[in-house]
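Notebook open, new structure on the screen.

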Amino acid sequence: MYPEVRMRRLRTSQNLRDILQETHLLPSNFIHPLFVVHGEGVREEISSLPGQYHLSVDELVKECREIYAQGVRSVMLFGIPAHKDGTGSEALEDDGIVQQGLKALRDALPDLVTIADVCMCEYTDHGHCGILHGHEVDNDETLKYLAKQSVSMARCGAKIIAPSDMMDGRVAAIRAALDENGFTHIPIMSYAAKFASAFYGPFRVAADSAPSFGDRRGYQMNPANGREALREIELDIAEGADMIMVKPALAYLDILHEAYMRYDLPLAAYHVSGEYAMIKAAAAKGWIDHDRVMMESLLAIRRAGAQMILTYHAKEAAKLLNEGKF
Ligand SMILES: [Zn+2]
């Protein structure tokens, strides 16, 4: 005890603090989410996500080259379809917008790890994550669509399939469909514990995917429930998930850490649009130090147990790390 024990002895110089640092970030920890749109030469800033863009396929390739050059090895693609309908049909087509992006990236950057987000909400005119039966999302009917979407994404070059819909049984359905179609080598990263969170607000503007009626609380999780989150994760593992994800990140670090302690699967956290937008907005006001708050947030997510962090900060954070600033 004090005065013999003095913790400050271990903090007396930068070099000493460096050798004692327990957690480190690497550019390869990051996965950059990106939004693909139809057209050519399109690079439009998303109003709710400053510094993030709607990118046509040619611009997507350019952006991915820059991201890859910073040491980020993976991107997650979201699509804004040309038309939306009741069954989200563009999600299933090999010339759908995400599929076009995947094919272009397969040619241009064959080593980039492309992840296809699998869900219906970006593609349906009602904005819900599945096929409707009246005003309810029909779980079992939706599974068939998710399976088809996954096979199409794999056929077009996705290296990982990431279902984000929160339907029951989707991991098993997707695994079976991938295997039947010769994609036994394609892993599934499941959004295993995805909460019905208000932190998704800016994404819904970016993907134009807000539900036209009701909300997603009939399939996404109640933010109050930690034990239920662990059950969700356990079920996805039993169904064949190769990697698991917790979403959002900072408000759910307790769940992330518990998942890290309990399960041996690679663990991802999605640092979501609202988390990004808050940092950008407060920094723009001059209220916080942008770079330090960004890096501290990412480090905290890593420390809690995520080895993969999906974040809109991926490129700028990697750049700072490469410049030796953090
Ligand atoms: Zn969805």
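I began with the make-up of the largest pocket's lining: six nonpolar, four polar and seven charged residues. (Ala, Val, Leu, Ile, Met, Phe, Trp, Tyr, Cys and Pro count as nonpolar, Asp, Glu, Lys and Arg as charged, and the others, Gly among them, as polar.)

Before going on, I noted that this is a predicted model, where local features need pLDDT of at least 70, side-chain atom pairs count only at pLDDT 80 or more, and totals for chains, interfaces and linings use all residues. Numbering runs from 1 along each chain as its sequence is written, and side-chain values use heavy atoms, with hydrogens and water left out.

**Largest pocket**

I got a volume of about 640 Å³ for the largest pocket. Of its 17 lining residues, Q21, T23, H24, L299 and F326 come closest to the centre. My terms: on a 1 Å grid over the protein atoms alone, a pocket is an open set of points with protein on both sides within 12 Å along at least five of seven lines, a cavity is a set where a 1.4 Å probe fits but cannot get out, and lining residues have an atom within 4 Å of a point. Points are joined across faces, edges and corners, and volume is the space filled by probe spheres set on them.

Which helix gives the largest share of this lining? It is helix 10, with five residues. Helix 1 (14–19) and helix 10 (290–304) each supply at least two. (Helices are DSSP runs of H or I, at least four residues, and strands are runs of E, at least two, numbered from the N terminus.)

**Second largest pocket**

Here I noted a volume of about 250 Å³. Fifteen residues line this one, and E136, V137, R217, G218 and Y219 are the closest to its centre. I sorted the lining into five nonpolar, six polar and four charged residues.

**Cavity**

How many cavities of 30 Å³ or more does the whole structure hold? My search found one. The largest cavity has a volume of about 130 Å³. C121, K194, F203, R216 and K247 lie closest to its centre, out of 16 lining residues. Strand 9 (189–194) and helix 6 (201–207) each give at least two residues to that lining. By class, I wrote down seven nonpolar, three polar and six charged.

**One more residue**

Last, I looked up V5, which sits in the segment before helix 1.
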